[in-house]
Amino acid sequence: MAKFRVRVSTGEAFGAGTWDKISVSIVGTRGETPPLPLDRLGKEFNAGAEEDFEVTPPEDVGRVLLVRVHKAPPARSRPLAPSAGDAWFCRWLQLTPHGAAPLCFPCYQWLEGERSLVLREGTAKISWEDHHPTLQQQRREELQARRETYRWKTYIPGWPQCLDEETVKNLNLNIKYSVAKNTTFYLRGGSALAELKLKGLLDRKGLWKSLKEMRRVFNFRKTPAVEYVCEHWQEDAFFAYQFLNGLNPVLIRRCHHLPKNFPVTDAMVAPVLGPGTSLQAELEKGSLFLVDYNLLAGVRTNVINGRPQFSTAPMTLLYQRPGRGPLLPLAIQLSQTPGPNSPIFLPSDDKWDWLLAKTWVRNAEFSIHEALTHLLQAHLVPEVFALATLRQLPHCHPLFKLLIPHTRYTLHINTLARERLIAPGQVVDRSTGLGIGGFSELIQKNMKQLNYSALCLPDDIRARGVEDIPDYYYRDDGMQIWGAVERFVSEMIGIYYPSDESVRDDSELQAWVREIFSEGFLGRESSGLPSTLGTREALIQYVTMVIFNCSAKHSAVSAGQRPLGTYPDEYFTEEAPRRSIAAFQSRLAEISRDIQERNHSLALPYPYLDPPLIENSVSI
């Protein structure tokens, strides 16, 4: 019988190699071979190795459809072999029939214990392209197995559904941190704890005694940005700047009509507006902006070390001076109910009264950022995308190949967060003014309002009316990144979906979209999130939204880990998608050069959406 050459690539990570025995079964149009051992003298399947084997099927199986990879413990006679729990990371397998072109079978998965794994040739296929019953059955069986492995659960009612696991120890190896990632994570965490301990902050229970004492927080990490903040934090222009380019640059919106519960008058704002204008004139002109923290009204607060904590639900009115003058605060009200007990604070007030009002706004900003912008929108929502992708899109689906780099480690970091950060009595309860009770109420409130347009940057910018406010680098850089991702996604969709009908006929795609709608957005029609997709245009926007929120959006409100556009696992084997990936990477490099050139001229650079600093997925 004709021989096959089998080339196997083992991952380079620590622990990727195995002592276990590996064999393959070749499945073709005429049948399936028994397991064919991949064996030779010496140790096989070391980390980083690419090895060649020859196998001879006992009979002709016809055109190759699938390869089954089997992993089993070695014979007991081998004295140095460890236990059968040995895991192996297979990058890919290449099968070359005699006299024919090689067939590449991407894997990029861990195999634990004694088990088998089915691999398909690397060409991406939508379900309606699979005509052979064996391939159709393989898709169904793969998804059924994944749905049994990765299940939904309700963590807190009113929150998006999440992965049904209690601890990271129980996670499947394929969604866990790598050894290197895990080591780095805990080393950084340990370093941060040691720093807090040395500063006397880790076990601190008393009040701050002075501003000088608070500056000690920054003693170990003096960067140009930290030094700039320490020098300018009390200034009105910097206070306003943070609404555009700070840690939560997604709340500011143009104000054409003052809320009835924010009774600002002409006399109050005249010192900042100057002569020859009025409040109404500036509202009509579109030069006033509002940041409203109304979601904080009535939210429960925390008790820490026996001391009750406090929160406000402020409103801040800001003014954009003509030309390119700085954005400035006009007025602050610290509650949603005006009156004698809730005065409107002004820049003309006593210096310390005004500074304290701005500080309470920053406190509210922290709560909204951590609970909503960061936890909900940059962690829990991407987890929905990641989990639905694993449950509804098979390994061979082009959207799985496209999206899987943007979901890497998300399930691990979120499970760890539920275990160590947001569980009762953990970090959020011990260190924040709202605690997990207040966070939960905020998320439940926001889930009733969160809509599709807020997740799509161009729509969000238009809805907030901030298309032309100057020096809004989050918008400027974000729109460039969105455009690059959208162009890339458009090319990829064009390769695999020839028409709108092909989108509608993709049952796996529709199940993926439907599950995100039902499990992530709890089936709420008012969210505007699609439950089905009917056109290529709608699919392009949807996939762009997923990638942007799993990468750039998280980076802008968190911290970078892994560069956007990096695809170290070669899931795509065809030339067309590879060319699109290369073009995407080239465009990101251009954007990076533009951002770095602009930042050279800024007193406080905005690097958070520089592509090399944007992580590919939510992984920390």
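The structure is a predicted model, in which local features require a pLDDT of at least 70 and side-chain atom pairs count only at pLDDT 80 or more, while totals for chains, interfaces and linings use all residues. Residues are numbered from 1 along each chain as its sequence is written, and side-chain values use heavy atoms, with hydrogens and water left out.

The chain holds 20 helices and 18 strands; these elements are DSSP runs numbered from the N terminus, with helices (H or I) of at least four residues and strands (E) of at least two. Along the principal axes, the C-alpha atoms fill a box of roughly 95 × 55 × 45 Å. Buried residues make up 51% of the 620 residues, where buried means under 20% relative accessible area, exposed means over 50%, and partly exposed lies in between (1.4 Å probe, protein chains only). Among contacts (heavy atoms within 4.5 Å) with a separation of 6 or more, 72% join residues 24 or more positions apart.

An open sheet is formed by 5 strands in the order 12-13-16-17-18, with antiparallel pairing; two strands are taken to pair if DSSP finds at least two bridges between them. Strand 12 (253-254) and strand 18 (344-345) stand at the edges with a single partner strand each, so one side of each is left without a neighbour in the sheet. Strand 12 is joined to strand 13 by 2 bridges, and Arg253 stands opposite Leu290 in strand 13. A further 5 bridges connect strand 13 with strand 16, again in the antiparallel sense. Here Phe289 has Leu318 of strand 16 as its bridge partner, and Leu318 in turn is bridged to Pro329 in strand 17. Strand 16 (residues 315-320) and strand 17 (residues 327-333) are paired over 6 bridges. Strand 13 is mostly covered, as 4 of its 5 residues are buried.

In soluble globular proteins, nonpolar side chains tend to be buried together. A nonpolar core is defined as a set of buried Ala, Val, Leu, Ile, Met, Phe, Trp, Tyr and Cys residues joined through side-chain atoms within 4.5 Å. The largest such core has 126 residues, of which Ile252, Leu399, Trp512, Tyr542 and Met545 touch the most other members. Helix 8 supplies the largest share of this core, 17 residues. Beyond its neighbours within four places in sequence, Met545 is in contact with Phe385, Tyr452, Leu455, Cys456, Trp482 and Leu529. A second, separate core of 24 residues includes Leu36, Leu38, Val69 and Trp88. Helix 10 (residues 410-420) has 9 of its 11 residues buried, so this helix is largely enclosed by the rest of the structure; the buried residues include His412, Asn414 and Arg418.

The unreviewed UniProt entry carries the annotation "binding site" for His374, His379, His554 and Ile620. These residues span 247 residues in sequence, yet no two of their C-alpha atoms are more than 11.1 Å apart, so they gather at one spot. UniProt positions are given in the numbering used here, feature names are shortened, and annotations may be inferred rather than shown by experiment. His374 lies in helix 8 and is buried, with a relative accessible area of 16%. Leaving aside neighbours within four places in sequence, the contacts of His374 are His369, His379, His554, Val557 and Ser558. Ile620, in the segment after helix 20 (575-599), is partly exposed, with a relative accessible area of 28%.
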